Amino acid sequence: FRRVLFRSPAEDDLLVLRWAAALHEIGISIAHAGYHKHSAYILAQADMPGFSKHEQARLSRVVLAHRGKLAKAELQELPARSTDWPMIFSLRIAALLCRSRSDMRFPELKARAAGAGYQLVLPGDWLEAHPMTRAALEEESEEWSGMGMTLDVLAEPA
């Protein structure tokens with residue numbers, strides 16, 4: 001109980017990311033199309049004992065941003081230094097890589113904040129073997145560019 005009351009900001013962010021990962025598809029029960037919007041609405045409006053309104057708002061924002069266009073009104077006002085951006089980045093990349101829901105074995109990837117954005121490093125041979133994922137990552141990079149941020153996807157030599 002004491003640990004919950006005295007968390008650090010980084011622990012709060014990790015909890016929000018875990019909750020977002022667990023709940024990001026809750027809106028599918030309403031409709032598959034635009035489910036991320038339904039998920040965000042449910043998370044913002046539901047009676048969620050144990051969650052503050054601030055936590056619900058953050059959770060909703062991260063879930064809304066996990067797919068689709070980043071240039072949403074809710075994200076336009078989010079400061080560039082907000083700790084929500086790394087969570088959004090993490091959930092978007094995870095959803096992109098796991099979209100096929102297969103038991104595909106993923107290579108070790110490296111991700112880090114880099115300047116005004118992020119850098120993602122994957123083995124070059126893996127990217128070559130998965131051209132659709134590579135194309136999706138290129139589109140993702142364009143999304144971040146549209147927000148004035150970068151996402152550099154780099155192929156690591158074997």
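**View 1. The largest nonpolar core of this predicted model has 30 residues.** A nonpolar core is a set of buried Ala, Val, Leu, Ile, Met, Phe, Trp, Tyr and Cys residues joined through side-chain atoms within 4.5 Å. Leu75, Trp85, Ile88 and Trp144 touch the most other members. Two or more residues each come from α2 (9-23), α4 (53-64), α6, β2, α7 and α8. Helix α6 gives the largest share, eight residues. Helices (H or I, at least four residues) and strands (E, at least two) are DSSP runs, numbered from the N terminus. As this is a predicted model, local features need pLDDT of at least 70 and side-chain atom pairs count only at pLDDT 80 or more, while totals for chains, interfaces and linings use all residues. Residues are numbered from 1 along each chain as its sequence is written, and side-chain values use heavy atoms, with hydrogens and water left out.

**View 2. Trp85 and its contacts.** Contact means heavy atoms within 4.5 Å. Not counting residues up to four places away in sequence, Trp85 touches Leu70, Leu75, Leu78, Pro79, Ala80, Tyr118, Trp144, Met147 and Met149.

**View 3. Ring pairs link Trp85, Phe89, Tyr118 and Trp144 into a cluster.** Rings of Phe, Tyr and Trp (its six-membered ring) pair if their centres lie within 6.5 Å; planes under 30 degrees apart count as stacked, over 60 as edge-to-face and the rest as tilted. There are five aromatic pairs in the structure. One of them joins Phe89 and Trp144 edge-to-face, at 6.2 Å centre to centre and with 70 degrees between the planes. This pair links distant parts of the chain, since Phe89 lies in helix α6 and Trp144 in helix α8, 55 residues apart. Phe89 is buried, at 5% relative accessible area, and Trp144 is buried at 0%. Buried means under 20% relative accessible area, exposed over 50%, and partly exposed in between (1.4 Å probe, protein chains only).

**View 4. The two sides of helix α8 (residues 131-146).** The helix has 16 residues and reaches 23 Å from its first C-alpha to its last, close to the expected 22 Å. The expected span is 1.5 Å times one less than the number of residues. Thr133, Ala136, Leu137, Glu140, Glu143 and Trp144 are buried. These residues are on the same side of α8 because they cover an arc of only 105 degrees around the axis, taken from the directions from the helix axis to the C-beta atoms. Their cover includes α6 (84-97), β2 (117-123), α7 (124-129) and β3 (150-156). On the other side, Pro131, Glu139, Glu142 and Gly146 are exposed. Gly148, which follows α8, has a positive phi near 80 degrees.

View 5. A salt bridge is a side-chain nitrogen of Lys or Arg within 4 Å of a carboxyl oxygen of Asp or Glu. Glu143 pairs with Lys69, with the closest N and O atoms 3.3 Å apart. Glu143 is buried at 17%, whereas Lys69 is exposed at 57%. Arg134 and Glu138 also meet in a salt bridge (3.9 Å, N to O).

**View 6. A network of salt bridges links Asp13, Arg58, Arg61 and Asp84.** Asp84 and Arg61 meet at 2.7 Å, N to O. Asp84 is in helix α6 and Arg61 in helix α4, 23 residues apart. Asp84 is buried at 2%, and Arg61 is partly exposed at 21%. The whole structure holds eight salt bridges.
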